[in-house]
Amino acid sequence: MITLPLSSAPVRTRSARPAMSRRAVAALVTGCRRTLLPLLLLPLGLAAADLPPPGLRTLDDPDPARDARVAWHREARFGCFVHWGVYSGPAGVWKGRVGGTYSEHLMRSLEIPRAVYLEEIVKPFNPTGFDADAWVRLMRDAGMRYLVITAKHHDGFAMYPSKVSSYNLTAQTAFKRDPMAELSAACRKYGLKFGFYYSHAWDWEHPDAVGNFWDYGRPGGESGWWEQHPELVAKATRYVEGKSIPQIRELIAMYHPDILWFDTSSKTPPELCRRILAAVRAAGPDIVINSRIGGGGVLGDYRSTADRPAYFPEVFTQWEAIPTTNESYGYKPSDTSHKPPAHFIHLLAQAVGKGGNILMNIGPRGDGVIDPKDETILRGIGAWMKANGESLYGCDRSPLPVQPWGAVTRRGNRLYLHVFAWPADGKLVVAGLRSTPLGARLLHGGELPAQRLNVDDLQLTLPAAAPDATDTVLVLDFPAQIAANKALRLAGSGTTRLHVMDGRLDGPGIRYGDGKTNRDVTEEWSRPEATVTWTVRAPETRRFRVTAEYNTLTKTTRGTFVLEAASQSLAGTVSPTPALDVFRRDVLGELTLPAGEHTLIVRPTALPNGNLMRLRQIELQPLD
């Protein structure tokens with residue numbers, strides 16, 4: 001799996017200004033695509049050539065056909081990603097050497113020659129324990145509604161009987177069955193949508209493709225290599241036209257997938273990615289395509305955002321994130337960092353509350369059996385989903401601001417409150433809710449007393465103990481459209497944490513990290529006019545101690561900044577941190593915020609090293 005930084009797809013963040021309509025935003029994006037947008041893309045590492053040409057619809061443009069294609073994906077909300085291939089046999093280790101974080105990258109990370117990979121890794125592969133029915137039944141019981149499996153990963157090996165290339169499962173191994181056909185049939189049996197991951201840009205076995213520098217002297221996949229080596233574009237074109245597009249057409253004709261999941265589009269010329277997109281649309285007009293097909297993250301049917309996410313920004317189109325049970329996508333038993341079911345339940349509720357999906361990855365073993373650790377996680381999620389799935393399936397983004405106790409999802413005039421942190425005093429404040437519900441209740445239990453604290457906040461009285469320690473779901477029903485105030489409420493007691501991804505980035509030279517653990521930050525902050533802004537609301541006048549949590553890209557990073565709110569300012573000095581997983585928490589001083597709404601903004605005042613800091617959050621602790 002390759003990380004696609006969140007910043008490589010345009011992301012609209014929460015704003016204090018009046019919201020623009022989607023049509024107005026689309027018109028603005030279209031108008032700026034050939035003028036201002038290329039300038040804005042420079043700090044993101046993208047060039048104008050990465051953009052789709054004028055007239056090609058993007059995710060920011062209205063498209064009824066796309067809305068119809070993606071309707072099932074939006075309804076499903078929860079899917080299973082499966083990384084399974086010949087690399088699952090060695091499981092991240094070859095000749096005693098560990099091949100990097102992702103076991104599916106073994107060939108490249110250890111620079112295994114193609115001929116050796118074939119003899120020592122491909123040919124011994126024989127997954128006699130594979131049982132498609134058992135796989136899909138487990139996924140269904142986990143509450144998953146769709147399955148995406150690797151038909152061809154970056155190693156170039158087809159996990160199905162391809163007629164386009166003999167480098168495939170039945171031609172090169174003793175396993176003569178078609179696992180893709182068996183999985184497709186099992187998905188139809190159990191009611192899951194089915195599709196493929198296909199590595200369209202990278203292919204390490206093909207001499208004309210991008211990525212294999214150790215055998216063929218090809219570009220390794222450096223972004224923009226085609227500009228430095230235009231003479232090599234013809235080879236990449238031969239690969240795309242001779243293998244990539246034909247195999248994609250083959251998969252569509254053989255299996256009729258509901259979804260195709262592409263990856264690493266930045267590794268190959270944008271024009272070739274657009275050819276692949278056109279080929280898919282011609283062969284399967286109803287197939288859902290993720291945004292990693294190409295075009296700088298704005299083509300396809302939905303945005304594919306973070307790998308292994310820790311936090312999500314607001315993304316105002318359909319989107320999907322891809323956590324995995326440990327840190328590798330392919331099977332890697334040496335990686336024991338498996339997360340508990342509660343981790344994924346919380347991610348799922350948070351994603352749906354921001355309008356997205358979770359495509360959760362597992363990596364089955366080389367013998368075709370699902371890792372027992374993964375099975376335990378799936379069964380734990382399934383037990384919760386069986387009781388609470390209605391609060392996620394077919395639900396959409398919350399109209400409310402981020403809540404400190406959990407997440408909120410919405411279906412029509414109903415809100416589902418996902419309470420992760422049960423209040424010790426039994427009082428739950430639903431911040432920013434201006435509409436008064438017809439009633440409040442536990443999803444599995446009785447009515448809950450509710451009282452309005454003010455025009456913006458509702459308080460619920462809860463039982464002493466949480467019925468479900470992982471995520472107790474509450475239900476609020478309303479007689480009409482729900483009115484809300486999106487300003488972030490400052491708590492009267494306890495610390496309010498203003499995460500950078502719940503703010504707004506303004507100006508060139510600033511972008512988010514990709515949302516992984518310790519990368520839910522401002523990955524770049526290199527221009528003095530670049531700012532981070534939050535709209536906050538103080539229910540009453542309070543004095544706060546203000547703290548900035550951040551780290552730095554280098555051990556020599558220096559800089560200064562100012563935080564401004566309510567005609568006050570606090571100065572901060574950036575001190576370097578020893579590593580990217582070490583964060584500082586610097587107290588900036590005190591602010592007094594009168595009752596009402598305020599704009600809180602952080603801006604650089606000096607950038608001697610060219611980058612300010614990787615800001616994660618601002619904390620406000622009440623002092624009186």
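Contact, as the term is used here, means heavy atoms within 4.5 Å of each other. The model is predicted: local features need pLDDT of at least 70, side-chain atom pairs count only at pLDDT 80 or more, and totals for chains, interfaces and linings use all residues. Residues are numbered from 1 along each chain as its sequence is written, and side-chain values use heavy atoms, with hydrogens and water left out.

The description begins with the chain as a whole. The protein chain contains 14 helices and 29 strands; helices (H or I, at least four residues) and strands (E, at least two) are DSSP runs numbered from the N terminus. Its C-alpha atoms fill a box of roughly 70 × 60 × 50 Å along the principal axes. The radius of gyration of the protein chain is 25 Å, which agrees with the value near 25 Å that a compact globule of 624 residues would have. That radius is taken over C-alpha atoms, and the globule rule is 2.2 Å times the number of residues to the power 0.38.

Of the 624 residues in the protein chain, 59% are buried. Buried means under 20% relative accessible area, exposed means over 50%, and partly exposed lies in between (1.4 Å probe, protein chains only). Among the contacts in the protein chain with a separation of 6 or more, 73% join residues 24 or more positions apart. The accessible surface comes to about 22800 Å², and carbon and sulfur atoms hold 54% of this surface. Such areas come from the Shrake-Rupley method with a 1.4 Å probe, and for residues only the protein chains shown count as cover. As for charge, the protein chain has 73 positive and 64 negative charges, whose mean positions are 2 Å apart. Lys and Arg count as positive and Asp and Glu as negative, while His and the chain ends are not counted; the place of a charge is NZ of Lys, CZ of Arg, CG of Asp or CD of Glu.

The aromatic side chains come next. A search of the whole structure finds 18 aromatic pairs. Rings of Phe, Tyr and Trp (its six-membered ring) pair if their centres lie within 6.5 Å; planes under 30 degrees apart count as stacked, over 60 as edge-to-face and the rest as tilted. The ring centres of Trp84 and Phe130 are 5.2 Å apart with planes at 15 degrees, so this pair is stacked. Because Trp84 lies in the loop between strand E1 (78–82) and strand E2 (93–94), and Phe130 in the loop between helix H5 (114–122) and helix H6 (132–141), the pair ties together parts that are 46 residues apart in sequence. Both Trp84 and Phe130 are buried. The rings of Phe194 and Phe196 have centres 5.0 Å apart and planes at 75 degrees, so that pair is edge-to-face. Phe194 counts as buried at 3% relative accessibility, and Phe196 is buried at 0%. One aromatic cluster is formed by Trp84, Phe125, Phe130 and Trp135.

Lys95, although not a glycine, has a positive phi of about 50 degrees. Lys95 is found in the loop between E2 and strand E3 (97–98) and counts as exposed at 60% relative accessibility. Asn518 is likewise not a glycine and has a positive phi of about 70 degrees. The loop that holds Asn518 runs between strand E21 (510–512) and strand E22 (522–525), and Asn518 is partly exposed, with a relative accessible area of 21%.

His499 belongs to strand E19 (residues 496–499) and is buried, with a relative accessible area of 5%. Not counting residues up to four places away in sequence, His499 touches Tyr311, Asp520, Trp534, Arg616 and Gln617.

Thr531 stands in strand E23 (residues 531–538) and is buried at 5% relative accessible area. Leaving aside neighbours within four places in sequence, the contacts of Thr531 include Arg504, Leu505, Asp506, Ile510 and Trp525, together with Ile601, Val602 and Arg603.

Glu590, in strand E27 (residues 584–593), is partly exposed, with a relative accessible area of 41%. Apart from residues up to four places away in sequence, Glu590 touches Arg543, Phe544, Arg545, Leu570 and Leu623. Glu590 and Arg74 are 516 residues apart along the chain, and their C-alpha atoms are separated by 44 Å.
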